[in-house]
Amino acid sequence: MGDVAEQLGRAKRGQIGAEREQRGAERERRAAGRAGLAAERAERRVGRDNVVACRLDDDRALEALDALVEAGVRSTRSDAASWLIQVGLDAHRELLDDVSGTVAEIRRLRAEAVQKASRYADLGRANPDRNANPDRNAEPEQDAAAGPDR
């Protein structure tokens, strides 16, 4: 009977040791996961100084953000919204490149218009009489009904 008790004791000690090893490994996995998550969060925070507040049109958008957070895909609603915006930008890169080209042309035309207006303003400063009374500098109009002899 002593042999059986001794064997049971060894088995129990082995089981306890194995359970301890499993718990230790689980703690290490959790710690590594937390460290990885912390590193990922820190990486995501880099360069994230831009803040945009927006109102959502319907509850589906809010539910989507909450689902991403609850599932652990993203850490906060803000992070989920930022991620979804980035995914949208990536998915529509061609459209955004086209729009960006158009915006660049608009900016060029606007700068050209400002430059022309500035030159016109400079002409006015060079000839103050011209801007003081523009009708005085215009050629007199003839009354068409009176004819040229009048």
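Guide: What follows describes the protein briefly and then turns to its largest pocket. This is a predicted model, in which local features need pLDDT of at least 70 and side-chain atom pairs count only at pLDDT 80 or more, while totals for chains, interfaces and linings use all residues. Residues are numbered from 1 along each chain as its sequence is written, and side-chain values use heavy atoms, with hydrogens and water left out.

The protein has six helices and zero strands, where helices are DSSP runs of H or I with at least four residues and strands are runs of E with at least two, numbered from the N terminus.

The largest pocket holds about 590 Å³ of space, a volume being the space filled by probe spheres set on grid points that are joined across faces, edges and corners. A pocket here is an open set of points on a 1 Å grid over the protein atoms alone, where a 1.4 Å probe fits, with protein on both sides within 12 Å along at least five of seven lines, and its lining residues have an atom within 4 Å of a point.

Of the 18 residues in this lining, Val 52, Ser 78, Ala 81, Ser 82 and Ile 85 lie nearest the centre of the pocket. Both α2 (59–70) and α3 (77–91) supply at least two lining residues each, and the largest share, seven residues, comes from α3. By kind, the lining divides into eleven nonpolar, five polar and two charged residues, with Ala, Val, Leu, Ile, Met, Phe, Trp, Tyr, Cys and Pro counted as nonpolar, Asp, Glu, Lys and Arg as charged, and the others, Gly among them, as polar.
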